Amino acid sequence: MKKNTKQMGKTNWPVTILLIMGCVTIFFPLYMAVIIAFKKPSEMTNDIAGALSFPSSWSFDNFTEAMRVTDFWNSLGNSLLITALTVVIAILLHSLAGYAIGRNMGKSKFYKFAYLYIVSGMFVPFAILMMPLVKQTSQMGIGNRAGVIILYVVFYMPMNLLLYSGYLKNIPLALEEAAKVDGASTWKTYWSIIFPVMKPMHATVAVLTALGTWNDVMTPLVIMSGTGKNTLPLAQLNFQTQFGTNYNLAFASYLLALIPILLFYLVCQKQILNGVVNGAVK
Amino acid sequence: MKKRKLSVIGIFAGLLSAGMILTGCGDSSSDNGKIRIEMVQYKPEAVKAFEKMEEKFNASHDDIELTIESPNEAMTILKTRFIKEDQPDIIGIGGDVNYSNFLDADMLTDISDFEGLADIKQAYLDIDKNLEFISRNGVYAVPYAANAAGILYNKDMFEENGWEIPTTWEEFLTLLDTIQASGQQPLYFGFKDTWTCLAPWNAMACDLAPADVCQQVNRGETTFSEEYRELAEKILQLLPYAQDDPYAYSYNDACTAFARGESAMYCIGSYAVPQIKSVNPEMNIDSFVFPANDSADGQILNSGIDLQFCIMEDCKEKEAAYEVLRFMLEDENIQIYLDEQNAVPCKEGEFQLPSMLDGMKEYIDAGKMTDYQDHYYPTEMAVDAMIQTYLMKGDTDAWLKKFDRDWTRYNRDLIRKIQDYQKENGEGGNK
Amino acid sequence: MMKKNERKRTFLLITIPILVLFFTFNTLPLIKGFIYSFTNFKGYGSYDWVGFRNYIDLFQDARVGHSYLFTFKFALVATIVVNLFSLILALGLNSRIRAKSALRGIYFIPNVLGGLVVGYIFSFIFTYILPTIGKSLGIDFLSSSMLADTKTAWFAIVIVAAWQAIAMNTIIYISGLQTVPEDVYEAGSIDGATGWTKFKNLTFPLIIPFFTINMVLCMKNFLMAFDQIMALTKGGPAQSTESISFLIYKNGMDGGQFGFQSANAVIFFVVIVAISIFQLTFMNKKEEQL
């Protein structure tokens, strides 16, 4: 942080002001969401003044009721568990893949193929995979949270491979050559030198992967059905039935679900900014 | 070298074992010697009623343990469970095209020897019979609860203005004019949600098209251009009486508007009442049958099976499953469901009906009703979206032609099956 | 020599298990789906083989044809809009501003809001708020709901999709900007490069790998748009905003067209892979030139 302030020099005020003004596009919808989350269904109207006015009372009833309906702590626990494990595995495994494939795809046909093969997997519509995957996971005995995590690790592999191998392009080979001269194995060099250098990318991958898994409904719905375990988005389906939606409770619940992932992002974004490469290259 | 290999393997092994931990604990099957019956029903909004019934059943039965699940997105879950070959014993689904499909895939078992069927209203048994793509011997579902659709109206507004309930199309149009002339909004549509386009369509079709028009078309006896023309022309006539640009407003908007007295009537089914009442709990709602013709004998109510129970082909304990159905059909248990869900019972007998169905009661009692047309439409044809398109464009001839063309394409395997069946048996596929 | 082999073997030891994992949970089910595309499978129950009928139908189906046109138009415009805005936003958020963390947090929020919330709020804005503004200012195309007009609905979806997606692409650009060494700037400043020239000649060439990534990810997200459409229009009005994924999902899963939509998915997959391989090779060449 100290280093940053030193580098920052004088504040760019025009940009700061523009960015603050831009926040309106986010605050306005967010304001509506918060207002609705506090209102009662009987306060909902179809006119602008009614929709933007404050609720008759700022009571947290909707939030407590939403937590009750979604069995909040259990669902949150499952969501956290699935997201956290997915993110950790993704960072370990996908960065390795990005390294092995990214470093070789320039000169080897095999790795070039592996790269395109995995990246193109990104474009397989989930709907076509769903039925076969349901069958496959249940036959393998992983029609549960573990299965969901494995599937996420595979689903996010293409994107993360793309990200890691892209990032590696800006990390000079010279960095690992030095270690090699000292006789360290490639495996060791990777963990001691390359892996730490990719920290901003780990944070990016963590944010993007967590975001995708946190909000996902379909995968846990079809894979975990019947296990009696719910994730938050699954539990939130409770607010929508065929012939009616309780928007007030739903909004309260969505706002609650937003908090953990927002905090996670705020932690990660500090890591994105550390600019480790700059220091390392010099 | 070795060390490195080991650590690579180590990582993967670590990941695997992390997986194993999560996999743990399957379901503990009951060792108490009871027969287990598992039921999945597709209406999560009715979960409270079913929890009550489940508890009551288990308290009164020593030999059977009943579990009822009311999952969200139940149809998706059911389909995935079929793929996993993990079928429940009893399913509670609607009397719609999904039922036809499950039946066609030979997934349901014949329950014609279930004595409870004798108490079910014939009109609903007929509806289920009609839903069979190809006529089968036997009975495959117990109709449990129905809903009814037509026009919901704001009773207070009607009383204040002295408006009369119309009984013919002529009178209905006059009423619409009167309301509009008084400066108030007669109708409100939420056509942004395409499925709501089906509400007036289905309700009017009861009067204007044969109940089995889809089967007739499948047998090659008639066309939709022929049978749906009057219906298509009349539905267009409603538009001037609704708010501007009805395609901008959703079902939820329309419910809110009607609840706030912004329109005198709302063409929708009894199923919308809870949503409307959530906005205005005090509202005085009643209903009447959609008067789409000028016949002196009155009209036909639009009513379909909202919930029915089927026993799966794989169910091993049929007798125990029958016991569950018997229990469900006891009058007091039906009443539990009706009270929670504002529903219409499919069983004969004296039940307390929700007050907003007063205007439809005589039709329900007399069994003068026809199923929703869309229960016969394949989902993938998206007839609701087609109707929305039609309402926006208003090109009756071209649209009806397209309807016929699309119908043959989306249903061709079925039509071929029916025609093969006709050849073999010398007569109609579904009678 | 020994070193080289060691390196090679390590890479293989990493890559092969990953490929196996990927094959098992992505390619294998894809192959199964491909097999279903030759049947009239509904998703459950019995089915018949129908040969190439699904593929032949696909090319004659006006609804499918329209969904391709819509999807590509939507994806192209949304990709451009999102990349433009997120690059600007990333540069802004990466510059010497006050309240950096707070601003970065705020601009991230749209990406986390669930589809139900976004759908409801933006429908409200398009249905009630914008028409009121449009009427009072006399702006014609705003005076009725953009979502209810077949000509404008697609663009309303672009706006909302972009609003949500910009956050994610901004993060990627920001992390890309971290790899631009300070000394490049210092060298540039000595030469007197400022503003646009500095960006064009110094910054942009260095973040081209991230530009590539963002293009590919945008393409992926928008060509496969589903959530945004479910939240806002559900394919309407008049079936004008049915995307390819919407059809594959709605008719393949909810409807009984699993076999047919599998064929659709296979064709769609081949089309996007062709486009993105072209994109990747093309961009890689560009990167190498620089």
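A residue counts as buried here if 20 or more other C-beta atoms lie within 10 Å of its own. Keep that in mind as you click around; what you have open is a predicted model.

**Stop 1: chain A by itself.** Select chain A and hide the rest. Of its 282 residues, 53% are buried. Along the principal axes, the C-alpha atoms of chain A fill a box of roughly 75 × 60 × 30 Å.

**Stop 2: a helix crossing.** Now pick residues 61-69 of chain A, which is helix H5, and residues 247-272, helix H16. How do they cross? Their axes come within 8 Å, at roughly 80 degrees, so H5(A) and H16(A) are roughly perpendicular to each other. Show side chains where they meet: Asn62(A), Phe63(A), Glu65(A), Ala66(A) and Val69(A) on the H5(A) side, with Asn248(A), Leu249(A), Ala252(A), Ser253(A) and Leu256(A) on the H16(A) side. Sorted by class, that contact has six nonpolar, three polar and one charged residues.

**Stop 3: Phe251(A) and the core.** Centre on Phe251(A). Beyond its neighbours within four places in sequence, it is in contact with Ala33(A), Ile36(A) and Ala37(A), plus Val117(C) from chain C. Phe251(A) is also one of the residues with the most contacts inside the largest nonpolar core, along with Val153(A) and Ile157(C). That core has 307 residues. Its largest share, 18 residues, comes from helix H6 of chain C, so select residues 153-177 there next.

**Stop 4: where A meets C.** Bring chain C back. Here 80 residues of chain A are in contact with 78 residues of chain C. Which helix of chain A gives the most to this side? H16(A), with 11 residues. The chain A side divides into 57 nonpolar, 19 polar and four charged residues.

Terms used
Residues numbered from 1 in each chain as written. Chains lettered and ligands numbered in written order. Predicted model: local features only at pLDDT ≥ 70, side-chain atom pairs only at ≥ 80, totals over all residues. Axes fitted to C-alpha atoms, helices over the stretch in contact; angles between N-to-C directions. Helix = DSSP H or I, 4+ residues; strand = E, 2+ residues; numbered from the N terminus. Parallel < 35°, antiparallel > 145°, perpendicular 65-115°, else oblique. Contact = placed C-beta atoms within 7 Å. Nonpolar A, V, L, I, M, F, W, Y, C, P; charged D, E, K, R; others polar. Core = buried A, V, L, I, M, F, W, Y, C linked by C-beta atoms within 7 Å. Buried ≥ 20, exposed ≤ 12 C-beta atoms within 10 Å, placed from the backbone.
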